[in-house]
Amino acid sequence: MQWLYSPIAPPGTPSVSAEPSILAEHLYFPFYDYIVKFFPKWWIPNKVTIAGILSTVAASLLMLSSMPPGSKFQPGRAVVLPASLVVEDPSVPCVPPLDPTQMQPVFSFLTPASLLTLCGLLNLLYCVADNTDGRLARRDRKTSVIGEYLDHGLDCVTSLLSTSCAFALLSSLTNMTTSVCLIAFVTVLSHTLHYEANIFIWGNRIATVDEAMIFFGVGMWIPLVFPSVGTAVVPVEYLTAIFGAGSHWVAYLRPLRLIDLVYIFYSLAQAQTIASVAARRLRMLCRIHVIFSVLNSVVFLALMGEHTTFLESLPETQTSVFGYTLGPFTYPAVWAIAYACTASTIIHIPIMAKCARLPQPDPLPLVGVMLVWCLFVSYPVAGVIAAAVVHVGQLLINVQLIEYNASLAKDSEAQSSLKAASRK
């Protein structure tokens, strides 16, 4: 059964850093290198990391709490195709639940426009913080394994939440579920490969996490500049020019929205990255935390379908359902938060092992994930609360363990130095 657990990269294994995209190499990184020069000396890198995390989490919670009451997954099942091609009535525009015409900010003093403006700024603040904390640490010689853990670990839950918000704003909730599952899988593979072989892959030369973070900020403003971005369909003239007049493909693709082309490109890019990472070490697919990552997606996608069927059986006037909604958070928001927390809990397993220099990852957090599954079946609200508690608890415990292991390593080095000196 040893094959279920990842082995740490052998000592002396060369480290291969993530390849930056073309834009990151020639535009983003020089910009971050420049602005970090103006950061005060008293700024602490880990606090910069946490400040950025809090800003993007606040943006995500503000967005997810602004879905109109009664929001549901449409259609109520997992689909890979763009949602505009699988809706029951193609003649009805597929309007995203966080479109400015639909969203209802939880705070009355915020309008949809001001909320999107604020959330865009908060996400861009996170983007800057996430890309400058490490540079600040190297500038002031304050690098630490805790900083490494926070930098890589906290990105997991925030990227999943931000993806959920972006799809709820621009595309559809159903395609959102497929997208966050892809992100969770490629992330757990990427960090597992990093742990086992010291190779870090995240994206390709065209698109990486750097482009994604910027999009999470700028994307909040797209509906303000192009109000019809969520409903505009591909002109039928283009379809006719490609497939020919009278083709059945023209009739089939007529409801396809322009924004769905971005979803298709994004899905293909994620699939390519998954194939690229997995090809480096196919045995990773048999690790217990990787298997649980797949199971986590299967469980949540299956429950999404079951719960949606139940919610659709209720009267349309009943927008709040005990156990399925939590205050301003509708069921899709509860689903997104619970999935983000459980998926991130799994991803933290190889990250923790890497930062703490463990000989193999500790699968104990998977017990917490299974607990969330059991609760989410009948009471999604109980599941989302448990998911958040488990993930935060895991984070705090991991920080303490990493600090403890780092102190042991330092003491061991000191003792080795004293023994070496005594021999001389």
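## Basis of the model

Because the model is predicted, local features need pLDDT of at least 70 and side-chain atom pairs count only at pLDDT 80 or more, while totals for chains, interfaces and linings use all residues. Residues are numbered from 1 along each chain as its sequence is written, and side-chain values use heavy atoms, with hydrogens and water left out.

Two packed helices are described by the angle between their axes and the distance between the axes. Axes are lines fitted to C-alpha atoms, for helices over the stretch in contact, and angles run from 0 to 180 degrees between N-to-C directions. Helices are DSSP runs (H or I, at least four residues), numbered from the N terminus.

Helix α11 (residues 288-312) packs against helix α12 (residues 331-355) at about 170°, with the axes 10 Å apart. α11 is therefore roughly antiparallel to α12, a term for angles over 145 degrees. The contact (heavy atoms within 4.5 Å) includes Phe 292, Phe 300 and His 307 of α11 and Trp 335, Tyr 339 and Ile 346 of α12. By class, this contact has 14 nonpolar, seven polar and no charged residues. Here Ala, Val, Leu, Ile, Met, Phe, Trp, Tyr, Cys and Pro count as nonpolar, Asp, Glu, Lys and Arg as charged, and the others, Gly among them, as polar.

Helix α5 (residues 173-197) also meets α11: their axes come within 10 Å and cross at roughly 170°. This makes α5 roughly antiparallel to α11. Among the residues in contact are Cys 181, Phe 185 and Leu 189 in α5, and Val 290, Val 294 and Leu 301 in α11. The contact of α5 with α11 has nine nonpolar, five polar and no charged residues.

## A buried loop residue

Val 229 lies in the loop between α7 (222-225) and α8 (236-243). With a relative accessible area of 17%, Val 229 is buried (under 20%, using a 1.4 Å probe and protein chains only). Not counting residues up to four places away in sequence, Val 229 touches Leu 170, Ile 222, Pro 223 and Ile 259.

## The largest pocket

A pocket is an open set of points on a 1 Å grid where a 1.4 Å probe fits, with protein on both sides within 12 Å along at least five of seven lines; lining residues have an atom within 4 Å of a point. The largest pocket has a volume of about 1200 Å³, the volume being the space filled by probe spheres set on the points.

Its lining comprises 42 residues, and Asp 130, Asp 151, His 152, Asp 155 and Phe 200 lie nearest the centre. α4 gives the most to this lining, with ten residues. The lining divides into 14 nonpolar, 18 polar and ten charged residues.

Conventions:
Helix = DSSP H or I, 4+ residues; strand = E, 2+ residues; numbered from the N terminus. Parallel < 35°, antiparallel > 145°, perpendicular 65-115°, else oblique. Buried < 20%, exposed > 50% of the residue type's maximum accessible area, 1.4 Å probe, protein only.
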